[in-house]
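I opened the notebook to record what I looked up in this structure. The entries follow in the order in which I made them.

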Amino acid sequence: MSNYNWCHGPKCHTHKTQDRIRGVKGSKVLRTRKIPQNSHYIRNSVWSHFCSQGCYTDFMHEHWEEQIRLHPRTECLETPVEVTKEVIEGHYGNYTNTEIKKVDNA
Ligand SMILES: [Zn+2]
């Protein structure tokens, strides 16, 4: 197993940064970034495959339809809550403070 992944950003190799430059004078290229898998945090997060928020966003813009097909949401989700409203006297008049608390049903 390799100790790095190539960034999966579809445009990673087009960003003009010094660290992406490879090759000798006359035949230089901008290359996709390598992401070292040298920490627990990196290996267990989306950052194991994306070098930046921009590359992650570019990937999602290009592949969101596949992602939705893989993980479709066919019905809504709900979180049980308790809502309380409290009228509070303020310096410039009364206002209503709304508190939304999650209800733990487990
Ligand atoms: Zn990248």
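I looked up Lys85 and found that Lys85 stands opposite Thr98 in β6. The model is predicted, with pLDDT of at least 70 needed for local features and 80 or more for side-chain atom pairs, while totals for chains, interfaces and linings use all residues. Residues are numbered from 1 along each chain as its sequence is written, and side-chain values use heavy atoms, without hydrogens and water.

I then noted the pairing of β5 (residues 81–90) with β6 (residues 93–102), which is antiparallel and runs over ten bridges. Strands are DSSP runs of E, at least two residues, numbered from the N terminus, and two strands pair if DSSP finds at least two bridges between them. A hairpin of two residues joins β5 to β6.

Next I turned to the zinc ion. Which protein donors does the zinc ion have? I found Cys7 (SG), Cys12 (SG), Cys51 (SG) and Cys55 (SG), at 2.2 to 2.3 Å; donors are N, O and S atoms within 2.8 Å of the metal (3.2 Å for Na, K and Ca), with water not among the atoms. Their spacing in sequence is C-x4-C-x38-C-x3-C. The arrangement is tetrahedral because the four donor atoms subtend angles of 106 to 114 degrees, and the term requires all angles between 85 and 135 degrees.

I also checked accessibility (buried under 20% relative accessible area, exposed over 50%, partly exposed in between; 1.4 Å probe, protein chains only). Cys55 is buried at 0%, whereas Cys51 is partly exposed at 24%.

How values were computed. Four donors count as tetrahedral if all angles lie between 85 and 135 degrees; four count as square planar and six as octahedral if opposite donors are over 155 degrees apart and all others between 65 and 115; anything else is irregular. Helices (H or I, at least four residues) and strands (E, at least two) are DSSP runs, numbered from the N terminus.
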